[in-house]
Amino acid sequence: MKAAIVDRYGTNVRVGDMPVPEVGEHDVLVQIHAAGVNVLDSKIRDGEFKLILPYRLPLILGNDVAGVVAGVGPGVRKFKPGDEVYARPGKDRIGAFAEYIAVAEDDLAPKPEQLTMEEAAAIPLVGLTAWQALVEIAGLRAGQKVFIQAGSGGVGTLAIQLAKHLGATVATTTSAANADLVKRLGADVVIDYRNDDFEAVLHDYDVVLHSLDNETLKKSLRVLKPGGKLISISGPPDPGFARELGKPWILRPIMGLLSYRTRRAAKRRQVGYKFLFMRASGDQLRQITALVDSGVIEPVMDRVFPLESTAEAMAYVDKGRAKGKVVVKVK
C-alpha cells in the first residue's frame with residue numbers, strides 16, 4: 001500500500017510502499033479515504049517524543065483517520081465491512097497517512113452522517129483534545145469563563161464551539177483577519193494577539209486552554225481566578241503524564257522537573273495545572289459525533305492535499321497560519 005513514511009527522525013516524509021497492517025482479534029482494518037494533519041505529526045517526525053513514544057522506524061505518520069471498514073478481527077462486535085468510520089488511532093497505532101490502517105475497535109466511532117470523509121478526518125484529534133480538556137478535566141459548565149488560545153487553529157475552532165455549547169463565556173486570541181470566523185463559532189471576547197495583550201483584558205477566568213509558548217503560559221496563569229485550572233496541550237509535561245503513559249517510575253521525577261516552575265507558580269496563585277496529551281476514545285468520539293450530527297459542532301477546513309503531497313501539507317501546518325484543519329485526501 002502507498003503511505004507517507006519517515007525513515008529517520010528529523011527528515012521529511014516520503015511516499016512509498018509499506019505492507020498492509022495485520023489485523024488483531026479486536027482490530028478493525030480501515031480503508032482510509034482522508035487523514036487530518038496535526039502539529040503532533042511534525043513533532044513525532046522530528047523525534048520530540050522518541051523517549052516516551054519509541055516508535056519503530058520506518059514509521060507511517062498520521063493521527064486522524066476517516067474511511068470505510070475493509071475487514072474486522074474475530075472479536076469485533078461493533079463494526080462490519082462497509083461501515084463508514086473515523087478515529088484518532090491509539091498513540092501506539094498511528095499511521096493514517098496511508099491506504100489502510102488497523103485500529104482498535106474501541107478507538108473507532110461511526111463517521112458523522114452529514115460530513116464528507118475529508119471533513120470527518122478534520123475532527124478526531126482536535127475534537128477529543130477539546131472534549132478531554134473542557135469536559136473531562138475542567139468540568140466546564142454554564143456561567144463559567146474560559147480562555148481558549150489560538151481560536152482559529154485546529155483545536156481552537158472545535159474548543160470554542162464545544163465551550164459555547166456547554167454554556168461558558170468564551171474568550172480567544174487570533175489575528176484581526178480571523179476575528180469574524182471565531183465570532184461565528186461562538187467566541188464572546190476576541191483579542192487581536194498582534195496588537196493587544198490578553199493579560200490586560202482578561203481577569204478572573206475559570207479555565208485556560210493553553211496551546212502556545214512558555215511565556216504565554218506564564219501570562220495565562222495570571223488571568224485565572226483562585227481555584228481556576230490551566231490545561232496545557234503544549235507542555236511542559238507533569239508527573240501525571242508519565243503515569244498515564246505507563247512509563248517506568250524513573251521518568252516521573254523527570255516530568256516533574258520539567259514542570260516544576262509552572263506547578264509552583266500555579267500553586268502560588270492557587271490555581272491548578274494539568275498537561276494534556278489526548279488519548280484515543282471511541283466512546284467520547286461518539287458523543288462528539290452526536291454534536292456534529294445535531295449541528296452543534298462543525299469542522300473548519302483550510303486546505304486538502306493529495307497523499308503524494310503529505311510533506312507539503314505538514315509544512316503548511318508548521319507555518320501556524322492554517323484556519324482550522326488541513327487534510328490529506330487518500331482515496
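**Exercise 1. Which residues of α4 are buried?**

Solution. Start with the cut-off: buried means under 20% relative accessible area, with a 1.4 Å probe and protein chains only. The buried residues are G154, V155, G156, T157, L158, A159, I160, Q161, L162 and A163. That is 10 of the 12 residues of α4, so the helix is largely enclosed by the rest of the structure.

The model is predicted: local features need pLDDT of at least 70, side-chain atom pairs count only at pLDDT 80 or more, and totals for chains, interfaces and linings use all residues. Numbering runs from 1 along each chain as its sequence is written, and side-chain values use heavy atoms, leaving out hydrogens and water.

**Exercise 2. What is the angle at which the axes of α3 and α11 cross?**

Solution. Take the helices as DSSP runs (H or I, at least four residues), numbered from the N terminus. Axes are lines fitted to C-alpha atoms over the stretch in contact, and angles run from 0 to 180 degrees between N-to-C directions. The axes of α3 (residues 124-137) and α11 (residues 282-293) come within 10 Å and cross at roughly 100°. The two helices are therefore roughly perpendicular; that class covers 65 to 115 degrees.

**Exercise 3. Which residues of α3 meet α11?**

Solution. Contact means heavy atoms within 4.5 Å. From α3 come P124, G127, L128, W131, Q132 and E136. They meet Q284, L285, Q287, I288 and L291 of α11.

**Exercise 4. What follows α4?**

Solution. G167 follows, with a positive phi near 95°.

Definitions and conventions
Angles under 35 degrees count as roughly parallel, over 145 as roughly antiparallel, 65 to 115 as roughly perpendicular and the rest as oblique. Buried means under 20% relative accessible area, exposed over 50%, partly exposed in between (1.4 Å probe, protein chains only).
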